[in-house]
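Please have a look at it first.

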Amino acid sequence: MKNIDQLADKNAKRSIRRLVGLGVSHGVGKGNVVFLPTGRSPEPRSKLAEKDVEDEVRRFRLAVDTAKRQLLELSKSPAQDKDHPVSEIFSLHLLILGSSIVERAESVIRAQRVNAEWAIKSVLGEYSAKQAALADVHFRDKYLDIEDVASRITRAMKGSRPSLTLDPNTVVVAHEMRPSAVIELAKHRPAGLITEIGGWTSHMSIVAREFRLPMVTGIKNVEKFLKTGDLVVVDGDSGEVLLDADGSSPPGYPTQSFVESANEIRNTSAVSTNDGVEIVIRTNAEDPAIYRTSEALGARGVGLYRSELLISDKGVLPDEDQQVAAYSEMARAVGEFGVAIRTFDGVPEQDSDDGVPSERNPALGLRAIRAGLSKPNFFREQIRAILLASNVGKVDIVLPMISNIDDILQARSMISSVRQEMISNGMNVKDPRIGIMVEVPSTVLAVGQMAKHIDFLCLGTNDLVQYLLAVDRDNDTVAEWYQTLNPAVLSAIKIVLEAAANAGIPTTVCGEMAGSPFYIPVLIGLGARELSINTNSIRPLIKLISGISAGDAAALVYSLKSCETAGEIETKLREYYQENWDSLFPPGLVSSKHR
């Protein structure tokens, strides 16, 4: 806990306790405290007879298969509103299950002749401890994901699944929360969440933001200050937990919903730095309801519509009518601000059973625009659907994973062919702008030439860092090499933004970098003027952008030229932020490590 203050209520003449932590999910909630059971019971170590070892291995494998089925279901149906970050979290859990961790647990069962519960606790406990010791908070907090997977396997071996019942207006308090626990809690709509540990980038916090649950972390020894039944206010905006000394709620501190608390910036169409440079905020959305929330918070249009989320759980592509309905619904919602629809960034499973063996490295294989060009029937159908939706509202087309000019020329030729065919058949279709994702090094190096053949760029920072540094962003064993602030990454972004400016075309920056306040001054200093971010990042980014100077950001970026490592850059940024803009950042963010 950072500090505890006593607030004097002059009217009621009583003392209000204020516990100050870190707000990691916006909104304000009021309710009665309930402590979340840890769910951690010691797993006894049982010695097995030689004849029972293989039976134990089989029991363990069945539990792993059960856990995989559960995670596959969760990863493809993350929430009622199809929030993508939740799906990504469970996809990470699937990767953990598919790693060498499971093989090591089997080896422990055989070598030590012990029960599977003990083996998985031993092996995943070791990995979890290593993860928790990492310097980079973005990767360090993933130790909870490893523990989450271990718990899921153990429950599967025991034949039990988590169940929880909460009364209305409950504030849930715990030492820490695993991502799956937050999702389970979200079903009961608690008024707020409080934990002792956790950071802005932890999956626990990401899930809380996606479900719009007010959350405060960093309240150390919380059980000393709160007891079951206390009526408290959880302020995820300020990072405070408030209660009266007599246990009642502070007066004049009503509960506010996520959208209602944003009235001060409702209907804002753009935001400017304090020296007058306009920054356009767009949102990543596939659901009109999510977009309407984003628009109320200040977003203007959808900068990235991930059409692959329309693919069914079994890998079946939506038909043309389904696509037209989905794209048209979003086009109506965004109106004049427009929606940039990215063509399928992947390859459907149903189209892979043609006798070709599974790819060894699908991230570098037949996916995205490569799949579209090699399977033109699917690509043409999607283009027809997008063109039909263009009659409803402003629609752009984004081509993913472009690596050379041939990709652009072939795709544009097919789009033109489909459009002319539709016009010949008497259809009235618009002529959408065509842009590309900048994600791979070859695109960065050739972006000046590519800019002559397109109307805009969409800079995907997640994949750009991954491909530029040859580091799998979902592989924790190489976490130290995934460096968003690597000098090469910043140089690549600068090259792209300058090439687009010289060509007179806009660039929308998306990905984790665009949604994190820590990186925003760097992006603005490099020349970024359009950002596409998730709904829950909008408010803190608008506050930050409106409080900084674009000129100062440019000077700050220029000063980074002398830095040779990501660590040096991070240190310099943190020092500058703390000295000049500390109050503009979410509490505790500047002191956390980012790379």
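Over the whole chain, pLDDT, which is the predictor's confidence in each residue on a scale from 0 to 100, averages 81, and 80% of the residues score at least 70. This is a predicted model, so local features need pLDDT of at least 70 and side-chain atom pairs count only at pLDDT 80 or more, while totals for chains, interfaces and linings use all residues. Residues are numbered from 1 along each chain as its sequence is written, and side-chain values use heavy atoms, with hydrogens and water left out.

Two stretches call for caution. Residues 77–83 stay under 50 in pLDDT, and the model gives them 13 contacts beyond four places in sequence, a contact being heavy atoms within 4.5 Å. Residues 134–140 also stay under 50, with 23 such contacts.

Seven of the 10 residues of α9, which spans 288–297, are buried, so the helix is largely enclosed by the rest of the structure; buried means under 20% relative accessible area, exposed over 50% and partly exposed in between, with a 1.4 Å probe and protein chains only. Among the buried ones are Pro288, Tyr291 and Leu297, and what covers the buried residues includes strands β11 and β12 and helices α10 and α20. At the start of α9, a side-chain oxygen of Asp287 comes within 2.8 Å of the backbone nitrogen of Ala289, and after the helix comes Gly298, with a positive phi near 125°.

What about aromatic pairs, and how many does a search of the whole structure find? The search finds six, where rings of Phe, Tyr and Trp (its six-membered ring) pair if their centres lie within 6.5 Å, and planes under 30 degrees apart count as stacked, over 60 as edge-to-face and the rest as tilted. Tyr305 and Tyr327 have ring centres 5.7 Å apart and planes at 80°, so this pair is edge-to-face. Because Tyr305 lies in strand β12 and Tyr327 in helix α10, the pair ties together parts that are 22 residues apart in sequence. Both Tyr305 and Tyr327 are buried.

Elsewhere, one aromatic cluster is formed by Phe518, Tyr519, Tyr576, Tyr577, Trp581 and Phe585.

Key:
Helices (H or I, at least four residues) and strands (E, at least two) are DSSP runs, numbered from the N terminus. A polar contact is a pair of N or O atoms within 3.5 Å; within protein, one must be able to donate a hydrogen and the other to accept it, and residues adjacent in sequence count only if both atoms are side-chain atoms.
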